[in-house]
Amino acid sequence: SVSLSPEFETIGDDLLTAIADWQHFAILSLLDTKSFRNDPRWIGERLGIDPGVARDTVERLLRLGLARLEGDTIVPTRRNLATSNDVPSAALRNSHKQSLEQAIAALEYSPVEERDVSSVTMAIDVQRIPLAKEAIRAFRRRLMRLLEAGSPDEVYNLNIQLVPVTRKKS
């Protein structure tokens, strides 16, 4: 796999397919929280999933080498995983759909003080899309470093969308 920087490891589509469902990345992040407990029931309660799904997901993370046991606890083996850029992937599309569905659900159940959702509609020069993608990637990484500092106690998902509203003329 190709390394983006010392902080990130790019994972291939085969591995992504195995862990595309959102709870894999959520559990990897939950491992970094100060209150983490290696208990499928606790994990299930924290993520709103069945304890059996939590147990199976943890077992998959261990089997794939994305986490390891240290005594009674589980630790991630890789700090930050990234997917490839601008490569079509059914697994990645599915993962993005799940993230968007979680964002929609959060509009209903998360207090406004605990979330931020905003949008802007604009006319753009599509030739500048590659510049926009790079700026978004840099922003995501800066924000991740800012928010992961300190003593993590909750798991959040950051979604940023830059999508066309107009349809191309044929």
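The model is predicted, so local features need pLDDT of at least 70, side-chain atom pairs count only at pLDDT 80 or more, and totals for chains, interfaces and linings use all residues. Residues are numbered from 1 along each chain as its sequence is written, and side-chain values use heavy atoms, with hydrogens and water left out.

**Exercise 1.** Determine the geometry of the aromatic pair formed by F36 and W42.

*Solution.* The structure holds 1 aromatic pair (ring centres within 6.5 Å, with the six-membered ring taken for Trp).

**Exercise 2.** Describe the packing of helix α2 on helix α4.

*Solution.* Helices here are DSSP runs of H or I with at least four residues. Helix α2 covers residues 22-30 and α4 residues 51-63; their axes (lines fitted to C-alpha atoms over the stretch in contact) are 10 Å apart at about 75°. The two helices are therefore roughly perpendicular (65 to 115 degrees). In the contact (heavy atoms within 4.5 Å), α2 contributes Q23, H24, I27 and L28, and α4 contributes V53, A54, T57, V58, R60 and L61. By class, these are 6 nonpolar, 3 polar and 1 charged residues.

**Exercise 3.** Compare the span of helix α6 with its expected value.

*Solution.* Helix α6, residues 129-148, has 20 residues. The expected span is 1.5 Å times one less than the number of residues, giving 28 Å, and the helix reaches 28 Å from first to last C-alpha. Just after α6, G150 has a positive phi of about 90°.

Key. Rings of Phe, Tyr and Trp (its six-membered ring) pair if their centres lie within 6.5 Å; planes under 30 degrees apart count as stacked, over 60 as edge-to-face and the rest as tilted. Axes are lines fitted to C-alpha atoms, for helices over the stretch in contact, and angles run from 0 to 180 degrees between N-to-C directions. Angles under 35 degrees count as roughly parallel, over 145 as roughly antiparallel, 65 to 115 as roughly perpendicular and the rest as oblique. Ala, Val, Leu, Ile, Met, Phe, Trp, Tyr, Cys and Pro count as nonpolar, Asp, Glu, Lys and Arg as charged, and the others, Gly among them, as polar.
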